[in-house]
Amino acid sequence: MTFSYEHVLQAYDRIKNHLQKTPLEESFYLGDLNRKYFFKLESFQRAKSFKIRGALNKMMTLTDEEKSRGVAAISSGNHGSAVSYAASILGIDHVKVIVPETTPQSKIDKINYFGAEVMKLGKDFDEAHMLGMKYIHKHDLTYIDAYYSDPEIYGGQGTIAIEILEQNHDIDTIVVPVGGGGLITGIAVAAKSIKPSIRIIGVQTEACPAMIKSYEDHTLYEQYPSEDSLCDALIGGVGKLSYEMAKHYVDDFIAVSEHSIGQAVSFLAKEEKYIIEAGGATAVAAIKEHRERIGGQNIALVLSGGNIDGDVLLNILSKY
């Protein structure tokens, strides 16, 4: 599989009339005289995460036969709700979403709300993926990839970069959460094509630095063990296409502590007044820990989702 900026442009044309352009809002508290920080609020999507971009773009390319067989996704939550929502937009009736047993109930509720059937399989994302793929093949469902190697998924995620640079062409740095790698690869390829001088920074939790370790060890970790983490959306291995491409477009990868991530979630809620899930708050945690390493003058922070479990949020707010 290959992926290029052309995939992003095609995706943008497909989905732009179905999804709103999410706000790019300047932070009240992070900036100073030398730097301004802007939040790209993907939490404002109807399904509360960026995942709808790739899911909808992919599903708009399906044949009638593929749609009629039914579609399936494997997800820690956000991709599943995006596939469920996209199916409701496109009138696809048979939708199965396979999630790990640890998936927050709030994410399961959202998947159900848009009409998909949820199946819990596996103790973590990697096990859910292994079992889920067996189920999908057995039942001949049309698989909607979350991050592994589908250029239509990457193209949809990359539309965020087009929006950011349309909203503020002075942006010189974009900081992006990294899980499987589809988001950062899509954004990086698009942003560098539009503005070659822009810097792209990827952020992972120290609890599961799969992309960082893949590059350090020169090994694609399709599965990766995780310590306990607030970032359910960033846990698991790396996508093949992202592993092959991201190193050529991303300027730096940074790991941040779970403590800093918790502080970032609390800061965004209490000060900036945004409800952001832990994985989406890693970009803010990176600014708190590595402001000078990230640098820049006009920095966009991609807040990738807002599907945080209510009990988890209350616990974070009580600690930080």
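How many residues of helix 2 are buried?

1. Helix 2 (residues 51-59) is mostly covered, with nine of its nine residues buried. "Buried" here is under 20% relative accessible area, exposed is over 50%, and partly exposed is in between (1.4 Å probe, protein chains only). Helices (H or I, at least four residues) and strands (E, at least two) are DSSP runs, numbered from the N terminus.

2. A quick word on where this comes from: it is a predicted model, in which local features need pLDDT of at least 70, side-chain atom pairs count only at pLDDT 80 or more, and totals for chains, interfaces and linings use all residues. Residues are numbered from 1 along each chain as its sequence is written, and side-chain values use heavy atoms, with hydrogens and water left out.

3. Back to helix 2. Its buried residues pack against helix 1 (5-15), strand 2 (36-41), helix 3 (64-69), strand 3, helix 4 and helix 7 (151-167). Contact means heavy atoms within 4.5 Å.

4. Have a look at Arg53, which is found in helix 2. Arg53 counts as buried because its relative accessibility is 2%. Leaving aside neighbours within four places in sequence, Arg53 is in contact with residues including Lys40, Glu42, Gln157 and Glu163.

5. Four strands form an open sheet in the order 5-4-3-6, and the pairing is parallel. Strand 5 (117-120) and strand 6 (142-143) stand at the edges with a single partner strand each, so one side of each has no neighbour in the sheet. Helix 6 (residues 125-138) packs on this sheet, touching strand 3, strand 4, strand 5 and strand 6, and its direction makes about 160° with that of strand 3. For such angles, axes are lines fitted to C-alpha atoms, for helices over the stretch in contact, and the angles run from 0 to 180 degrees between N-to-C directions.

6. Inside that sheet, four bridges join strand 3 (residues 71-74) to strand 4 (residues 95-99). Two strands pair if DSSP finds at least two bridges between them. To spot the pairing, find Ala73, which stands opposite Val97 in strand 4.

7. Another parallel pair is strand 7 (residues 173-177) and strand 8, joined by five bridges. Here Ile174 stands opposite Ile200 in strand 8. Strand 8 (residues 199-205) is mostly covered, with six of its seven residues buried.

8. Now for the spaces. On a 1 Å grid over the protein atoms alone, a cavity is a set of points where a 1.4 Å probe fits but cannot get out, a pocket is an open set with protein on both sides within 12 Å along at least five of seven lines, and lining residues have an atom within 4 Å of a point. The largest cavity has a volume of about 320 Å³. It is lined by 26 residues, and Lys51, Tyr147, Gly179, Gly180 and Ala233 lie nearest its centre. Grid points are joined across faces, edges and corners, and a volume is the space filled by probe spheres set on the points.

9. The largest pocket holds about 460 Å³ of space. Of its 27 lining residues, Thr102, Ser229, Cys231, Asp232 and Ile235 are the closest to its centre.

10. Last, Glu289 is found in helix 12 (residues 282-294). At 31% relative accessibility, Glu289 counts as partly exposed. Not counting residues up to four places away in sequence, Glu289 touches Ala255, Val256, Ser257 and Ser260.
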